[in-house]
Structures are given as structure tokens and as C-alpha cells.
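Take a look at the sequence and the structure, and then we can walk through some of the details together.

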Amino acid sequence: MVLAAGVVPAGEPALQPPNIVLIYADDLGYGDVSCQGATRVQTPAIDRLAAEGLRFTRGHAAAATCTPSRYALLTGEYAFRRKGTGVLPGSAALIIDPRRTTLPSLLRQAGYATAVVGKWHLGLGDGDIDWNGLIQPGPREVGFDYSFIIPATGDRVPCVYVENGRVVNLDPADPIRVSYRERIGDDPTGAEHPELLKMRPSHGHDRTIVNGISRIGYMSGGHAARWVDEEMADTLTERAVRFIEEHQQQRFFLYFSYHDIHVPRVPHPRFVGSTPMGPRGDAIVQMDWCTGRILETLDRLGLTGNTLVIFTSDNGPVLDDGYQDGAAELAGFHRPAGPFRGGKYSRYEGGTRVPFIVRWPGRVQPGVSDALVNQVDLLASFARLTGRPLPAEAAPDSFDVLPALLGDSATGRDHQIEQGRALALCEGRWKYLPPARGPAVNRNVNIETGLSPEPQLYDLRDDPAERHNLAAAHPDRVRAMDRRLQALLQAGRSRPLSHP
Ligand code: NG6
Ligand code: CA
């Protein structure tokens, strides 16, 4: 067995590479957990992870929406380097080239059993998906031995689970068809039949009705296979727990990718009313409960000590993301992005600065770290953790920040590019947002985008809320950071070829 040099500090006994459980919440903001200031909702399981692990104050998703974040997470490449990596429809083809080194393929090569359970949203098939046959390429082709997925999002058709490339509970006599262009079949739509809805849209989301909720896109057929939103968290958690149980004798990597707290927020009835914040708060409680189930499973099987758990989120928070669930009205003084400006879709910090906790009992000292770490770094960092070489051309934006993740170093990466509707460069304490066209506020969701015709420069150390634009006071820094950003874009990669 190969022991990873970086894992073992001099003088300490060698540790074997641990199991890895990556818990990935959807649209959960920095301030949505009670270990980071939330009081109108309690998250005891996530707080337990924070108490037993290392909580990062500068942990980032790679982008402020789902698809590009997940693309970067799994490939170690910033998504803006590739066309077609924006928020995908449920009919999109797989956007990850199966030939590249990915987080799961690297871990599979390192001997791990690999699984994805939950939201996928990276496309499936190669252009024209037949939902009634074997759906490939998909998770398996990019490195996951086992998959049980929501193909796109909870608010996009098709509203079915796909297990290892096949729709679960599909009745061949009721084949599934999906379209994002034209209406198909005769299922009612939310636009025509609002009286059939149990939750109404606020913007978009008015096509095919599934389980009393209208979605983005049209689907017909597959009635027996359609999910019930209220049962989704239990269904996914059950599959995740089962994967852990079945692989307890083997080293495993589980990417557990929640639907919560994305819209539509329809938690199981046992969570309804558990916060004063309506479905969004209750979905947080449900999501925390799922996290607790994973931690209990590791405890019960005696796996807690040799399992590295990462808890994080794919992008920042949003209140009204298209359904009338009262999220904005009921938030009260709750600050979903914590102290940060903006949220989902934004290039202000609220877009990508998310909860980020690493727990590995006995190896990672509990505490708080201000090291800058990004989800795009997990690939290079886990290569180091497992002693796998990282081919030079692989994961071009992934830095080995393992010492920061394990708490051996107080510094992570020295810069990063943040992706909202436009890009921003963060260098140490400074953040530069080049001039960019577009509305200053995304009116649908009522979130500041960070777009402005003027350059913006913020000192994140003294002004983490990005309130005081220092661009006019520091023209030299603005020029230098603009040049650096251009160079990083031109180079096609940010990890130097010589970097280990
Ligand atoms: C937007 C949807 C939003 C959400 C988002 C993707 C509308 C009006 N809004 O287009 O509801 O689905 O896409 O979210 O359709 S993400 O977290 O998967 O990136
Ligand atoms: Ca998301």
C-alpha cells in the first residue's frame, strides 16, 4: 500500500488514507447553520461536525450556481474555462469528458469504492437521452462505481431517480419523454392549471406538474417512477447509509449531494413547522437531520475515526428562487449569507463563501481556520492524501491545500477566481471585480449581482462585507490585479505545471 507522504507529520505514526464522505448541500449559505451565527434555525449535526472538526471561514464553492461549482469540484478545473457549463436543463448531455482525471476516478484508482447519491446536474448521455434505456455516459464513466441520482435539480424534469443508469421504478408501458422546448404528453402544467398546485411558482417553474408542483420543462410518462418530494431526503439518505454499510470493510468515497435546501422546498411533514422560517428553515432542519444520520452511521459501524468528512455547499443562499414558499417574508432577522454581501448568482462573497467543515478525528485538530480553500482544490489535495500522482494536465486549477485542510498549515491558496455572472479575482486580502455589464440586482431573486460598469476593489480583511470600494484609491493595485486575472484566463490553467 502506498502511504501518502503529506499525510504523516514527522514523528507521528503513519495513518492510512481515510474513507471520504463529501456532504454537499445545495444553496446553503454561510449564515444558514447555527455554528456560524444562525439562531432562527438550529443545526446540531453540522454543529457537531464543526465542534469535532476544522471549520473554515474562507471556504469557497468554485461558482455561485450549481453546475459550474460541481464541474469544478469534480474536475479540478474552473468551469468558466469551458463553454456549456452554466446551469443545465435536465435534458443536457454530460459535460465532463470521461477521459479526464476526476475526483472519483482518482480515488477509484487509489482503491476506493466510489459513489454519488443525490443531485447530479452535470448532464447525462451524449445529446439525446432515452430515459427508458440505459442512460450513459454518466456518473460511472467519470468515476463513480455506484450512482443513485436526481438527474438535474428538484425543480427540473424528469422528476425521477436514476440508479446506475436506469430510471428507478420505470414501467415500460408508460415510457418517459422529456422536453425543454415544447409541450409533450397531456400532463397539466402550472401555467394552465394553477388550481392543481400545492406550491405556486413566483417566477418560471410553471410547466409540467409533478406531485402538485409545477417544474421547469415538460415530461410525460414515467408516472410510477416519479418522486415524491416529501420523501426525497429519506430516500437519498437511505441509499447513502446503505452504501456505507455495504462498503464498511473497504475504503470508500461517498459524494452525498443533497437536494436540500434547493427549491422546491417540500420537507417531510415531520419537519414542517420546526422553525419560524417556513419551508426554507424546515428544509435546513431536514438537511441537518440527514447529516446526523450519516454521522450516526459512521459511529455505529466504528468508522468515525478513519473517515474524513467534508461538509460544504454548492453555492450561496437565495430566498425566493422561484416558488412562493414564504422564504423572504419569514426570514426575519436571519442572515442566510452571514456577514457577506450577495448570495446565489452573485460574485460578491455571499455567492461562493459557504459552510466548509473538515472532520477527521485523531488527525485534524478541532478549531477554526482562516485559510483560503476552494472546492476546486479537493482533487489535488486528495491526490496528495492518497499518494496518487496528479498528471500535469489534469485538474488545472486545483491546488494541493491538504496541509490547510488537515489543519497543519494556517494558509491555503494565495488567490482564487470567483464566478458569478462575471468573474472576480481574490488575492490574499484583496478582491477585485472588473467592470462588467448587467443589472446590479437580480430582480427575480432580489440579490446583488456584483455587476457594475465601475471597477471594484475591496479589502476583505477589514471589510469582509465588501462595502467600501477602494478602486479609486488604489489604481495600481486595480491594474495589477486586472493583468493577473487576464493572465490566469489566458493561461488556461492556474496551477503551475511544476506544482507538485
Ligand atoms: C434558475 C431557476 C432556479 C434554480 C436555478 C438553478 C428559474 C426562474 N430559476 O434558472 O429556480 O433552479 O436555475 O439552481 O427557472 S442551481 O442551484 O441548480 O444552480
Ligand atoms: Ca445550488
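## Two helices that meet

Angles between axes under 35 degrees count as roughly parallel, over 145 as roughly antiparallel, 65 to 115 as roughly perpendicular and the rest as oblique. The axes are lines fitted to C-alpha atoms, for helices over the stretch in contact, with angles running from 0 to 180 degrees between N-to-C directions. Helices (H or I, at least four residues) and strands (E, at least two) are DSSP runs, numbered from the N terminus.

With that in hand, look at H1 and helix H5 (residues 278-300), which pack at an angle of about 50° with their axes 7 Å apart. H1 and H5 are therefore oblique to each other. On the H1 side, the contact (heavy atoms within 4.5 Å) is made by Pro 44, Ala 45, Ile 46, Arg 48 and Leu 49. H5 brings Met 287, Asp 288, Thr 291, Gly 292, Leu 295 and Asp 299.

## How the model is read

This is a predicted model, in which local features need pLDDT of at least 70 and side-chain atom pairs count only at pLDDT 80 or more, while totals for chains, interfaces and linings use all residues. Residues are numbered from 1 along each chain as its sequence is written, chains are lettered from A and ligands numbered from 1 in the order in which they are written, and side-chain values use heavy atoms, with hydrogens and water left out.

## The calcium site

Which residues hold the calcium ion (ligand 2)? The ion is coordinated by Asp 26 (OD), Asp 27 (OD), Asp 314 (OD), Asp 314 (OD) and Asn 315 (OD1), at 2.2 to 2.7 Å. Donors here are N, O and S atoms within 2.8 Å of the metal (3.2 Å for Na, K and Ca); water is not among the atoms, so sites may look incomplete. Along the chain, the donors follow the spacing D-D-x286-D-N. Asp 26 lies in the loop between strand S1 (19-25) and helix H1 (44-52), and Asp 314 in the loop between strand S12 (307-313) and helix H6 (327-330), so the pair ties together parts that are 288 residues apart in sequence.

Are these two aspartates buried or exposed? Buried means under 20% relative accessible area, exposed over 50%, and partly exposed in between (1.4 Å probe, protein chains only). Asp 26 is buried at 0% relative accessibility, and Asp 314 is buried with a relative accessible area of 0%.

## A strand residue and a helix residue

Gln 419 sits in strand S15 (residues 415-419) and is buried, with a relative accessible area of 14%. Leaving out residues up to four places away in sequence, Gln 419 touches Ala 62, Ala 63, Ala 64, Pro 68, Ala 79, Phe 80 and Thr 352.

Thr 235 belongs to helix H4 (residues 232-246). Its contacts, again not counting residues up to four places away in sequence, are Phe 148 and Tyr 161.

## Backbone details

One joins Gln 136 and Pro 137, with omega about 0°, and Pro 137 is in the loop between strand S3 (113-119) and strand S4 (146-150). The other runs from Val 157 to Pro 158, with omega near 0°; Pro 158 lies in the loop between S4 and strand S5 (162-163).

Asn 164 has a positive phi of about 45° although it is not a glycine, and is partly exposed at 34% relative accessibility. Asn 446, also not a glycine, has a positive phi of about 60° and is exposed, with a relative accessible area of 61%.
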